[in-house]
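Take a look at the structure below. This report walks through some of its parts, one topic at a time.

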Amino acid sequence: MTKFKPFIVLAALLFAVTLIVPALLVIPFTEGKVSGKLGEELKTETKKETAAEIPQGPAIEVGVYRLAQKKLETVPLEEYIVGVVASEMPAEFEEEALKAQALAARTFIVKQLMNKDSVELPEGALVYDTVTHQVYKSDEELRQQWKQDYKWKIEKVREAVTETKGQILTFDGSPITASFFSTSNGFTENSEAIWPNSVPYLKSVESKWDLNSPKFNGREVFTVQDFERKLGVQLPNDSTIGTVTERTAGQRVAKVDINGKVVSGKDIREKLGLKSTDFNWERKGDNIIINTQGYGHGVGMSQYGANGMAVEGKSYKEIVAHYYKGVEIAASDQLLTKVTAKK
């Protein structure tokens, strides 16, 4: 019997080991509940913000009076900017030009929100949807206008608006008069050449890119009788019409002497419906032929000039800095907060 004892001891030891070792291995994992909590916390910490969680700034709506439909339409601010950019600038333009346009459009409406202009408006309206303020078209109107091109055009415009969201142009801390027009004659115009006041950031600058604009050249033909009637002048009996006696900083016609009567270039443009105040004319028989260079009043940002700069690789910040002298790009949130506080 004694010679079997070592085998009995060895068997007992092996049995004990088989019971103890698994228990030792399990103990560290049974001290607390396995819930997956760590994984959930990591997901929470790295989770991307949803659109609702991203700060949006104060909620602002714009009352737009639709003249054709004779009704008031209330539009969220950024949707209004999309409708303006899509209506005021070709979607085919470079992205940076569209961003510059978005900045000008947003600046205009923020300025209007803070202090309405003197234009009479129907109750509840902040702006008209025409050139009186800014041209605006709804999403449905843009769908009808662009047809099969709607998708890529609206995406391009929305991207330009989104990437400049909350940005406006200021001078001395206030929103500027962000005027713009189609095409210059090679130079923009000083504000005082068109409007009563001199504005420090609306000064004449070179805009060479406009020379390639399809709207650069224009021509109008009037009978001598219509010309005299519209301008309230009497032409001399010879073949002459008038003499330019003064030009503006933007090299446009400031004043013309027509048979002893001095008429401003601005009045001539408005009364004859010319595209620009940079014009020359000639008399052929009973007709007067007027050739123009440029399209629009010439003050502020040239749209075709902005696109030309963008084609050359300039950013929207460089574009607005060129056309609006001494301005800053600032956040609109604080100003819009003041607007909502007044309501």
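## A three-stranded sheet

An open sheet contains 3 strands in the order E8-E9-E10, and their pairing is antiparallel. Strand E8 (243-247) and strand E10 (261-264) are the edge strands, each pairing on one side only. Direction ignored, neighbouring strands of this sheet are turned by 25 degrees against each other on average. Keep in mind that this is a predicted model.

Strand E9 (residues 253-258) pairs with E10 over 4 bridges, in the antiparallel sense. Lys255 has Ser264 in E10 as its bridge partner. Helix H8 (residues 265-272) packs on the sheet and touches E9 and E10. The direction of H8 makes about 75 degrees with that of E10.

## Aromatic pairs

A pair of aromatic rings is described by two things: the distance of the centres and the angle of the planes. The whole structure holds 7 aromatic pairs. In one of them, the ring centres of Tyr80 and Tyr136 are 5.5 Å apart. Their planes stand at 25 degrees, so this pair is stacked. Planes under 30 degrees apart count as stacked. The pair links distant parts of the chain, 56 residues apart. Tyr80 belongs to helix H3 (residues 77-88). Tyr136 sits in the loop between strand E3 (127-128) and helix H5 (139-146). Tyr80 is buried, with a relative accessible area of 0%. Tyr136 is buried too, at 5%.

Phe227 and Trp281 form an edge-to-face pair, because their planes are at 80 degrees and their ring centres 5.4 Å apart. Phe227 lies in helix H7 (residues 224-231) and Trp281 in strand E11 (residues 279-284), so the pair ties together parts 54 residues apart in sequence. Both Phe227 and Trp281 are buried. Ring pairs also link Phe227, Phe279 and Trp281 into a cluster.

## A charge over a ring

Which ring does the charged end of Lys275 sit over? The ring belongs to Tyr295, and the charged end lies 5.3 Å from its centre.

## An enclosed helix

Why is helix H9 (residues 303-311) described as largely enclosed by the rest of the structure? The reason is that 8 of its 9 residues are buried. Among them are Gln303, Tyr304, Asn307 and Met309. The cover over the buried residues of H9 includes H3, helix H4 (95-114), strand E6 (180-181), strand E13 (301-302) and helix H10 (316-323).

Ser302 caps the N-terminal end of H9. One of its side-chain oxygens lies 3.0 Å from the backbone nitrogen of Gly305. Just after H9, Gly313 takes a positive phi of about 100 degrees.

Terms used
Residues numbered from 1 in each chain as written. Predicted model: local features only at pLDDT ≥ 70, side-chain atom pairs only at ≥ 80, totals over all residues. Heavy atoms only, no water. Phe/Tyr/Trp six-rings, centres within 6.5 Å; stacked < 30°, edge-to-face > 60°. Helix = DSSP H or I, 4+ residues; strand = E, 2+ residues; numbered from the N terminus. Buried < 20%, exposed > 50% of the residue type's maximum accessible area, 1.4 Å probe, protein only. Lys NZ or Arg CZ within 6 Å of the ring centre and 35° of its normal. Contact = heavy atoms within 4.5 Å. Polar contact = N/O pair within 3.5 Å; in protein donor to acceptor, adjacent residues only side chain to side chain. Pairing = 2+ DSSP bridges. Axes fitted to C-alpha atoms, helices over the stretch in contact; angles between N-to-C directions.
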